[in-house]
Amino acid sequence: MKLWEKNYLITFILFLIVLNSSVFLLLALVFQNDFEREIKTAVREEESISYTVTRLYDLPNMQGKLDAFCKQYERNGIYLKLSDSHTELADTLPITMAGTNLSSTTVSIPTSAVSLSADSIDVSIHEAGGKKYLLIMGNDVSEQEILYIVYMRDLQSIYIAQRNRIISYALICLLLSVFVGTMLYIAMKKINKPIDNIAHELRTPLTSIRGYAQYILAGNLTEEDRYFAVHQIVEESQNLKEIVDKLLAMGRLGGEAAYDKIQMNEIFTEMRKLYPNIEIINEMRVVLGDKTLIKSLLGNLISNAERAGGQVKITAKENRIEIQNSGSVIDVGKLKSLNRNLSLSKEQIDGTGFGVGLCHDIVRMHKGKLTFQSSAETGTTVTVHLPESRV
Amino acid sequence: MANILIVEDEKSINELIKRGLNMVGHNSFQAYSGLEAISIAEKQRVDLVLLDINLPDLDGFQVIRRLDGIPTIYVTARDDISDRIKGLKGGAEDYIIKPFDMEELLTRVQVVLRRFRKEQTVFVLGNLEIDLKQHSVKLNGSEVDLTNQEFELLKVLVLNKNMALSRNRLLDAAWGADYEGDDRTVDVHIQRLRKKLRLEDQIKTVFKVGYRLEL
C-alpha cells in the first residue's frame, strides 16, 4: 500500500468515527429530550385528570360521566383506570395488569419531571405486548372518598419517531460517507500524482549524475572524456535544481499571491544567466506578486520554449509577458488542452507533465491569464496576462 | 565482445551506458526511440538489448515483442512490482532500476551474455592468452602456473578491464565474500600476477581505490 493510500484510509476512518459518533450522540440526546418532554406532559396531564375526576366523582350520575371521560382520553392513546376504595369505576387499560406486579418494571424518570408532580405520584415504564407504556399511579381525595387513578400513556409514538430518525440518519450518513470518501480519494490521488511524476523525474538526472561520477571514478579516461562527463554532471545538476525549484513553488501554491514588489529587471537578468541564448526585451519595471512563484513561472515557460527548439524571444511590456519560440508547432488538440489547463495524455507530455499545470496555478494566484497560441507562420507564443492591480 | 543495442530516449543516459559498455570492450548501437531500435535490430547483429520502458513512440513492452527474441534487459525508472513482473514475464532477461550502478549494470550484462553463451571466454592481451573456460594462461605460447586465487583475480580484472576495481571487490571476487583477509592480501597477489605475466605496466594502481587492468 502506498503512503497516500494509507493516509487516505486513516483520514477516512477518522472521518467515519467522528461522523457516526456525533450522529449517535445527537440521536441519543434528541431521544432523551423527547422522552423527558413526554414524561413532563404525562405528569401534568395526570394531575389535571386527577383534578377533573375528583370533581366528576362528586357530581350526580358520575358513573356515566366518568365513562365518557375515559373513552375520550382512550381515543388519544391515554388509558385510565379509576377506582375508589370499594369498587372499580372505569377501566380502559389495553392490557390486564394486577396493581401489584407493576413494581417490577423499569423506572427511569428525569428528576425535573418528578419535581413537578405531587409526592403521592408513582411513575414507571411498563412494557407489554412489544409496546412501551408510561404508567403513573396516583391518588386524590374527593370530598367523600380517596380515588385511585392509574394513568397509562402509549409511548410507542416516540419510539417509532426515534426509529425513523435512526433510519434516515443512517441513510444520510451512508450517502455522506460515500460522497466524502470519493471526494477525498480523488483529491488525495490528485495531490499524489505530481509527486509520483516528480519522483520519476528526479531519477533521470540522478542516474546521469551518479553514472558519470562512477564513470570518472572507475575509467581510464582521456582529458576529453573526463570533460564530457563533468559537463554532463553539471548539466544534470541544473535539471535537478529546476525540479527542486518546481517543488518549492508547488509548496507555495494556493490562495491569492502576495503583493511583494518584484523588480522585473532583476528577474530577467537571472533568466539571462540561466538561459544565455534567449532574447529579452523588457519594458516592465515592477510586478506585484510572489517572487519565487513568478521566477518559477518564467523559468518553466522559458525551459519549455527552449525544449521546443528555435530562437526564444521574450517581450515584457504593459501587463503582458510574451514568450515566443520558432520551434515545433503545437497541434490544435494539445493547444486546447494547454489553454484550458486540461491534463495531457501520456504521449503529449514531454517532461514531468506538471510544469504547465503549475504555470496555470501560479498565474491564477495572481489573478491573471495564461494563453497559448501556435501556428506554422508565427511559431508558438505563450502569453502571461497580468491584471492592472499587479503591474 | 558483444554487440549491444541501447534504447533510451534520454541522451545523457544513453551516452553514459554506451561509454560504460565501450570501456569493458563491448560494441554498442544507440537508439532514442522504439521504432529506431526495431530498425537497428533488423539491420545489425545484436546480441543484447538494453531497453527503457518510457519511450517517445512505442513503450518498451511493445518494443520487446518486435525484437525477435534478442535477449533484453529493461533499464527503467519504473520501480512498481507490477511493472517488474510484467517486464520479466514479457520475456526480458533482467530488470534494472534507475538510478543504476554502472558496475552492476555491466555485471548483469555479462551474466545475461554468459547465459546465452555470447560471453567472450578467450582474451588475448599482447603476448598473453587467457582462456577463462579452460582455466589456462599462456605467455608467449607457454603455460603459466597460477594459483586459484591468482587466476580468479586475473579473471575479474580481465572481465572489467579499463575499470578501476576496489581492493574489497577484488577480495570478494577471488576469495569469496566470507574471506576475512585484508587489503594487503590483494596487493601481494597483484604483485605476483604482475611478475608472472609481465603485466607491470598494464595493471595500474589506482590511488586510494585499487587496481585497473589497462588495455
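## A tour of salt bridges and a sheet

Select A:Asp34, A:Arg37 and A:Arg165: a network of salt bridges links them. A salt bridge here is a side-chain nitrogen of Lys or Arg within 4 Å of a carboxyl oxygen of Asp or Glu. This is a predicted model, where local features need pLDDT of at least 70, side-chain atom pairs count only at pLDDT 80 or more, and totals for chains, interfaces and linings use all residues. Residues are numbered from 1 along each chain as its sequence is written, chains are lettered from A and ligands numbered from 1 in the order in which they are written, and side-chain values use heavy atoms, with hydrogens and water left out.

**The sheet in chain A**

Next, show the strands of chain A. Five of them form an open, antiparallel sheet in the order E2-E1-E5-E4-E3. Helices (H or I, at least four residues) and strands (E, at least two) are DSSP runs, numbered from the N terminus. Two strands pair if DSSP finds at least two bridges between them.

Go to the edges: E2 (88-91) and E3 (122-128) of chain A each have a single partner strand, so one side of each lacks a neighbour in the sheet. Neighbouring strands are turned by 20° against each other on average, direction ignored.

Now select E3(A) with E4 (residues 131-141) of chain A. They pair in the antiparallel sense over 7 bridges. Click A:Ser124: its bridge partner in E4(A) is A:Leu135.

Axes are lines fitted to C-alpha atoms, for helices over the stretch in contact, and angles run from 0 to 180 degrees between N-to-C directions.

**Salt bridges elsewhere**

A search of the whole structure finds 28 salt bridges over all chains. Select A:Glu270 and A:Lys295, whose closest N and O atoms are 3.3 Å apart. A:Glu270 sits in H6 (residues 264-274) of chain A and A:Lys295 in H7 (residues 291-308) of chain A, 25 residues apart.

Move to chain B. Which residue forms a salt bridge with B:Arg78? B:Asp83 does, at 3.5 Å between the closest N and O atoms. B:Arg78 is buried at 13% relative accessibility, and B:Asp83 is buried at 11%. Buried means under 20% relative accessible area, exposed over 50%, partly exposed in between (1.4 Å probe, protein chains only).

Finish at B:Asp94 and B:Arg108, a salt bridge of 3.0 Å, N to O. B:Asp94 is buried at 16%, whereas B:Arg108 is partly exposed at 27%.
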